[in-house]
Amino acid sequence: MAELLSALFQRPNFVVFVILFLWGIYIMAAHPNYVKKLIGLYIVQTSVIFFLVAFSAKNGATVPIVSGDMAMLDASAFANPLPHVLTVTAIVVQVATLGVSLALVAALYRQYGSLDEDEVVQRVE
Amino acid sequence: MNSQLPILLFLVPFVTAVAMPILCARRRSWCRPLTTGAVSVMVVLAIMNLRVVVSDGPIEYALGGWTAPIGIAWLDDPLAAIMALTMSAVSLLTLIYGRVAVTSKHDRSIQYHTLILLFVAALIGIVFAADLFNVFVFLEVAALTGYALVGAGGGKALVYAFRYLLLGSFGATLYLLGVSYLYAATGTLNMTDLATRMPELITSTAVVGGLIFVFLGLSIKMALIPLHGWLPGAYANAPNAIAPLLASTVTKVALVAWVRIEYSLIEPGIEVSHIPVLVLLEDIGVLAAVIGGALALVQTDIKRIFAYGGIGHIGLILVGVSLGNSTALAGGLFYLINDAVMQAMLFMIAGAVLHYHGATTLDDLKGISVRSPWITGALVVVAVSMVGLPPTGGFFGKWNIVLGALEAQHYLAVFAVLASTLLTLGYFLRLFSCWFHQPVTIQSERLEIAVSLRLSLGIAAVAMFALGIMSDSIVRVLLESLANGGV
């Protein structure tokens, strides 16, 4: 138990990631309001992006721009650019998802005059 | 030229999609010919690509000239070439069909056709991608255009499109999480590179967790039971022209992505904490095949019957690709091609029945056979293939899966194939008993069915038999490719 606790406290980033992830899922599942569901989805997506950034962080590393001989370099002195590139792409995907989903919610609201899922589903079925 | 075929296959629909709003701003009527033309060019390119790949062997395409593992690689092997051809051919088929089915108060044909072309381009991207993150990006492009297309008709479809969006995006997020686990553990995203680092790392919790998240994410996309919740509602309420396109591609292409990952990263017979991984996947497939078929049997809505039938078939294909020998793998992949055509055809029929007769439930179907001989003929052909009778393609896919299961001595898989066949027979008998029922009021005049509908149903029916006749050569190409170490 003590080992587990110390392992947890040494990795606060990952604890935050797990909390955000589960919180987002809870909001998505529990709230009947469409916009709140979207917020839940957004939190889940952001938590994964946070995870990507968290595990790629390095102490004392600098910008990975190198000229000259690559073979002689000390890898620990440079930040790994790949996870950050993935992060940027994932954010773009996230924004696109948000755009489409807001358009859908707006169309739903215009059609049914409500943002409450229970109410809308009742009227559909 | 030949070495550039994969990227051309992607660029043709993509560039057309981007140029569409400019080219058609003043002439709305150009949208449809332009879209159909672009997808026809894709079919021609895909056939050329398949010929090149079969004769010259797989091509590794380095985007922008940067070779793997630094750059992003596309792998153009027989599996990818066959799938690219299937996806573009099925899209062309549904586009021909879509001529009659698009009805809208406002003219949104530019947006609609742009979305379809982007969707098709994303499918090609998923098929060729040999990089885990690239698969994620294309999955999301396909999914986002898919949500918009499902909701395009408005009304009830919006509710289901939103549900599809929530679950689909959540699935993609799980996939991304899995990919970042795998990247953190191995330091690479390229599938070939991952495969070389995998054997010594397969027992690490990060890799196992990553693979589980990747599988969960893709199972939502491929609507594997019990994560199929979004599919029936979305397909039953999507516009008539869209349901065949989505039903025949979305779930299949996610399954193709999983087959690539599974085949390159999970060795047959490997055990993680005493659980044989492939047998577990096979059992999940067995459950999905049986439960999907059983759920189809109790539905009364025609489109829902077909949707659950498709869900059952996804399970069947998963059984085939998880048996761990090449016979079953080739059989499963061949069945996947058939399933794409069958699903397109089923939803085209359901759409036509709704369009011409206003029928959505089994009870509405009574007496249709007298009035619509074309649709009846198409339904009989697709039923023969779904149940799996020779000489249609469905039979040979199931046959190879059964042969592979016997080779691996997994009798549960044989049972799953047989049970799924019986359940399929069951729901088609239910359908036929209404379809060929004598009408209450005799209306003997036949309905005039549009030429494009006849054409698309006719081509699909011929394709069912053509796949059956060519099954031998397709399976042989897949088997040869497997023997050479690729998928």
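Helices H11(B) and H12(B) run roughly antiparallel to each other, a label given to angles over 145 degrees. The model is predicted, and its local features need pLDDT of at least 70, with side-chain atom pairs counted only at pLDDT 80 or more, while totals for chains, interfaces and linings use all residues. Residues are numbered from 1 along each chain as its sequence is written, chains are lettered from A in the order in which they are written, and side-chain values use heavy atoms, leaving out hydrogens and water.

In chain B, H11 spans residues 277-297 and H12 spans residues 302-321; their axes come within 7 Å and cross at roughly 160 degrees. Helices here are DSSP runs of H or I with at least four residues, numbered from the N terminus, and axes are lines fitted to C-alpha atoms over the stretch in contact, with angles from 0 to 180 degrees between N-to-C directions. On the H11(B) side, the residues that meet H12(B) include B:Gly285, B:Ala289 and B:Gly292, while B:Tyr308, B:Gly312 and B:Leu316 are among their partners in H12(B); contact means heavy atoms within 4.5 Å. The residues of this contact divide into twelve nonpolar, six polar and one charged. Nonpolar covers Ala, Val, Leu, Ile, Met, Phe, Trp, Tyr, Cys and Pro, charged covers Asp, Glu, Lys and Arg, and polar covers the others, Gly among them.

The axes of H3(A) and H4(A), the latter made of residues 81-112, come within 10 Å and cross at roughly 180 degrees. That makes H3(A) roughly antiparallel to H4(A). Their contact has 16 nonpolar, eight polar and no charged residues.

Aromatic rings come next. Over all chains, the search finds 27 aromatic pairs, meaning Phe, Tyr or Trp rings (the six-membered one for Trp) with centres within 6.5 Å; planes under 30 degrees apart count as stacked, over 60 as edge-to-face and the rest as tilted. One of them, A:Phe17 with A:Phe51, is tilted, at 4.8 Å centre to centre and 35 degrees between the planes. This pair links H2 and H3 of chain A, with the two residues 34 apart. A:Phe17 counts as buried at 5% relative accessibility, and A:Phe51 is buried at 8%, the cut-off being under 20% relative accessible area with a 1.4 Å probe and protein chains only.

In chain B, the ring centres of B:Phe136 and B:Tyr175 lie 6.4 Å apart with planes at 10 degrees, so this pair is stacked. B:Phe136 sits in H5 and B:Tyr175 in H6, 39 residues apart, and both are buried.

Key: Parallel < 35°, antiparallel > 145°, perpendicular 65-115°, else oblique. Buried < 20%, exposed > 50% of the residue type's maximum accessible area, 1.4 Å probe, protein only.
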